[in-house]
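Hi there,

Here is the structure I promised to send over. Have a look at it first, and then read on for my notes.

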Amino acid sequence: MFNSFRNARANRAHSNNVSILITNWNGRKLLEDCLNSIMEKTDYPNFRVIVIDNGSTDDSVEMIRNKFPAVILIINKRNLGFAKASNQGIKYTFKMGAYYFLLLNNDTLITQKGWLKKLVESIAYSKTGILGCKILYPDGSPHQHLSNRKTEVNTVKGAMFLIKRKVVQEIGLLDEKFSPAYGEEGDYCWRARAAGFNVVYDPTVTIIHQGAATAEKVFNS
């Protein structure tokens, strides 16, 4: 149970408030492209972008400060891994009143207008707690072979992972034992389903994922 946050005043959370949380480690160019795509394609009225930087040494932080001053920065001195950094973002924006937490990889590209509005509308159903979308490689091939229609699934890909506030309240944060990366999204989906939430795949929203570009740096370093 997420007792420390359950006591936050309910009126601070608005039903359409989305925090887009991006973990970054030495992914300056990928991150810049990702942020540009968000700013160009997002016409949703109530969202914020937070980048959790894991001790980058490639001027990622300076790039954000210079080119994206509206982006909120959480800066770590070292690479804490995906789960711990994502949890930092969730905790920070939970206190700010976020109702939805969208975990987005730094090597993704938003490709369609209205994407965030569609996601929020799709996850709004009472039992839906986690939502994923269609994820394609740059050549157009799919990351996973799922139904061409909206359907309930066991897990969704962590490259784009939308979580409802109620899920965080009920089951807490990502398990930080999955470090530096991989496995945390499957575990979180399993815990959410065990708590009575549905995990849903919605192919009406499509994003491009360049394919574990940052994770490869971690495992090959």
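Leaving aside neighbours within four places in sequence, which residues is T155 in contact with? Before the answer, please keep in mind that this is a predicted model.

T155 sits in the loop between strand 7 (151–152) and strand 8, and it is in contact with E185, G186, C189 and V199. With a relative accessibility of 34%, T155 counts as partly exposed. Its C-alpha atom is separated by 8.4 Å from that of Y201, a residue 46 places away along the chain.

Now for the overall picture. The chain has 221 residues, and 55% of them are buried. Its secondary structure comes to 8 helices and 9 strands. Among contacts with a separation of 6 or more, 80% are between residues 24 or more positions apart. The chain exposes about 10200 Å², with carbon and sulfur atoms supplying 49% of that area.

Next, the interior. In soluble globular proteins, nonpolar side chains tend to be buried together. Here the largest nonpolar core has 33 residues, and I20, I22, L35, I38, L102, L104 and L119 have the most contacts inside it. Helix 5 (residues 115–123) gives the most to this core, with 5 residues. Apart from it lies another core, of 28 residues, which includes A83, V156, C189 and V199.

Not counting residues up to four places away in sequence, L119 touches L102, L131, C133, M160, L162 and V205.

Is S122 buried or exposed? Its relative accessibility is 5%, so S122 counts as buried. The side chain of S122 makes a polar contact of 2.7 Å with the side chain of D202. Beyond four places in sequence, the residues that S122 touches are T128, L131, K150 and D202.

N76 counts as buried because its relative accessibility is 9%, and the cut-off for buried is under 20%. A polar contact of 3.0 Å joins its side chain to that of N54. Setting aside residues up to four places away in sequence, N76 touches I52, D53, N54, G55 and Q88.

What does helix 7 pack against? The buried residues of helix 7 (residues 184–194) are E184, D187, Y188, C189, R191 and A192. These buried residues pack against helix 4 (82–95), strand 6 (128–136), strand 8 (160–164), helix 6 (165–171) and strand 9 (198–209). One of them, C189, is in contact with T155, and C189 is also among the residues of the 28-residue core. After helix 7 comes G196, whose phi is positive, near 100 degrees.

On the subject of backbone angles, most residues other than glycine have a negative phi. N26 has a positive phi of about 50 degrees although it is not a glycine. It lies in the loop between strand 1 (18–24) and helix 2 (28–41), and N26 is buried, with a relative accessible area of 16%. D59 is not a glycine either, and its phi is positive at about 70 degrees. You will find D59 in the loop between strand 2 (47–54) and helix 3 (60–67). D59 is partly exposed, with a relative accessible area of 47%.

Last, the aromatic rings. How many aromatic pairs does the structure hold? There are 3 aromatic pairs. Y99 and Y100 form an edge-to-face pair, with 4.9 Å from centre to centre and 85 degrees between the planes. Both Y99 and Y100 are buried.

Best wishes, and happy browsing!

How values were computed
Residues are numbered from 1 along each chain as its sequence is written. Side-chain values use heavy atoms; hydrogens and water are left out. Buried means under 20% relative accessible area, exposed over 50%, partly exposed in between (1.4 Å probe, protein chains only). Helices (H or I, at least four residues) and strands (E, at least two) are DSSP runs, numbered from the N terminus. Contact means heavy atoms within 4.5 Å. A nonpolar core is a set of buried Ala, Val, Leu, Ile, Met, Phe, Trp, Tyr and Cys residues joined through side-chain atoms within 4.5 Å. A polar contact is a pair of N or O atoms within 3.5 Å; within protein, one must be able to donate a hydrogen and the other to accept it, and residues adjacent in sequence count only if both atoms are side-chain atoms. Accessible areas come from the Shrake-Rupley method with a 1.4 Å probe; for residues, only the protein chains shown count as cover. Rings of Phe, Tyr and Trp (its six-membered ring) pair if their centres lie within 6.5 Å; planes under 30 degrees apart count as stacked, over 60 as edge-to-face and the rest as tilted.
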